[in-house]
Amino acid sequence: MKLAKIVLSVLVIAAFPAMGCGGDDDPGTTPDIDSGGGPDVDGMTGPPTVDESGDHYTYVASAINVPTTSAERETLGFDYNGDDQVDNQLGVLLTLADSFLGTQELVDTQVAVGSFILLADVQATSLETATGVGFQVFLGENAMPEPCPGGDTSDPTACGLHLQGDATFDVSADSPPNAQVVGQIVNGNLSAGPGDVSLSLNIVEGGAPLNLNLVQAQVSGTVSADGVMTGVLGGAITQESIDNDILPVVQMFMNDAFTADCNTDNADMTCECTSGSTGETLQAFDIDDSCDISVEDLKNSSLVMSGLKADLDLFDANGDPGQDGVNDSLSAGLGFTAVKGTFDVAQ
C-alpha cells in the first residue's frame, strides 16, 4: 500500500463529506448564513427544517477538486469565524502532499474507478428560488453501469462510465442517516448550512471505520436538474475528533504498512526497512525511533500536524458555541462537480 493511499485516502475522504460555502462568482466568499436555515430572501429567513413538499433531485459527484496551490486553497476555502480571512487549514497538507504524492491524481482515480462514490440529494420546491431546501450526502455503491469496462480498474482513464448522468446507484448501508444541512436556492444558486453532520466511513475493507463529527458544515453551488455544478464544500473538524477519531485510524494504516516492510523485532530497536519500500518512507514518521509509529509520533510530526492543526476558535471552554481564545477546530474546503445520478433516497 503506497504512502499516498495510507495517509491521503483517510485525509481526503474525510474532507469529502464536509460541506462548505462560497459564491459562484467568488467561491472564497461566505454568504451571510444564519442558524435559521439560510440567508434572507426578499427579507424572509428560510425555515430551519426541510420543506417536505419539495421534490428530490439526486446527483453523483463526478469530480472532486482538492487544493494543489496556495491560490486554490483560498479559492476553495471560506471564512468561518468572520475575520475576513479564508480558512482552509487541511488545504495546507493537501497542497504539500500534491507536490510529491499527486493528491489530485489520487482523488481523480478514486472517483473514476468508483472506489469512492459520493451521492447528493437536493430536496426543494424549485431549483430556481426556494427556502427550506435540504442538501444531504450519501455514500454510494453498486453503480450501474459499472465504473470501468468489464470491471477492469487498471486504466482509470477508461473508467467513469457511471459519471455520464444516466447511472443508478444503491445507498451504502454504511451511509450516514443525518448528513444533511438546510438552506435556500436563489436564482439557481444553492447555499445551505451551517449544521452538524456525523459520518462513519469505511476507508479500507475490513479496517476500522473513520468516525467524523463535522461542525459548521455548509455547501454552496449552482443547481440544475442536470447537475450541481462547480460548488465549494467545506466543514470544520474539532481537535477532539482529530485526536480521537482521525489520528488513530491514520496511525493504524501507517503502522501496518511500516511493519510489513521493516524488521521491527531487532533487540537493539534498529529498524531495517526494504530499500525503496513504503515502510522506508514511513520510517520518517517514527519520531521516537521506537520501530513503531504511534499516535504520539503523528502528533509530533510537522508534516502531519501542519495540516491537522486546529485553526478555528469555534467553542468556549465548556464546549458551547463561542470563543475562548483557543483554537479547537480544523477548517477544510474542496471543490466539486456533480451530474445526475439516480438512487432511492429512502434506502
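Here are a few friendly notes on the disulfides of this structure.

1. First, some background: this is a predicted model, where local features need pLDDT of at least 70, side-chain atom pairs count only at pLDDT 80 or more, and totals for chains, interfaces and linings use all residues. Residues are numbered from 1 along each chain as its sequence is written, and side-chain values use heavy atoms, with hydrogens and water left out.

2. How many disulfides does the structure hold? There are three, a disulfide being a pair of cysteine sulfur atoms within 2.5 Å. Counting bonded cysteines along the chain, the pattern is 1-2, 3-5, 4-6.

3. Start with C148 and C159, whose sulfurs are joined at 2.0 Å. Both C148 and C159 sit in the loop between β5 (130-144) and β6 (167-171), eleven residues apart. Strands (E, at least two residues) and helices (H or I, at least four) are DSSP runs, numbered from the N terminus. The link is right-handed, with 110° about the S-S bond. C148 is buried at 2% relative accessibility, and C159 is buried at 12%; buried means under 20% relative accessible area (1.4 Å probe, protein chains only).

4. Next, C262 is joined to C273, S to S 2.1 Å. C262 belongs to strand β11 (residues 262-263) and C273 to strand β12 (residues 272-273). The torsion about this S-S bond is about 105°, so the disulfide is right-handed. Both cysteines, C262 and C273, are buried.

5. Finally, the sulfur atoms of C271 and C291 lie 2.0 Å apart in a disulfide. C271 is in the loop between β11 and β12, while C291 is in the loop between α6 (278-282) and α7 (295-299), so the bond ties together parts 20 residues apart in sequence. C271 is buried at 13%, and C291 is buried at 5%.

Notes:
Buried means under 20% relative accessible area, exposed over 50%, partly exposed in between (1.4 Å probe, protein chains only).
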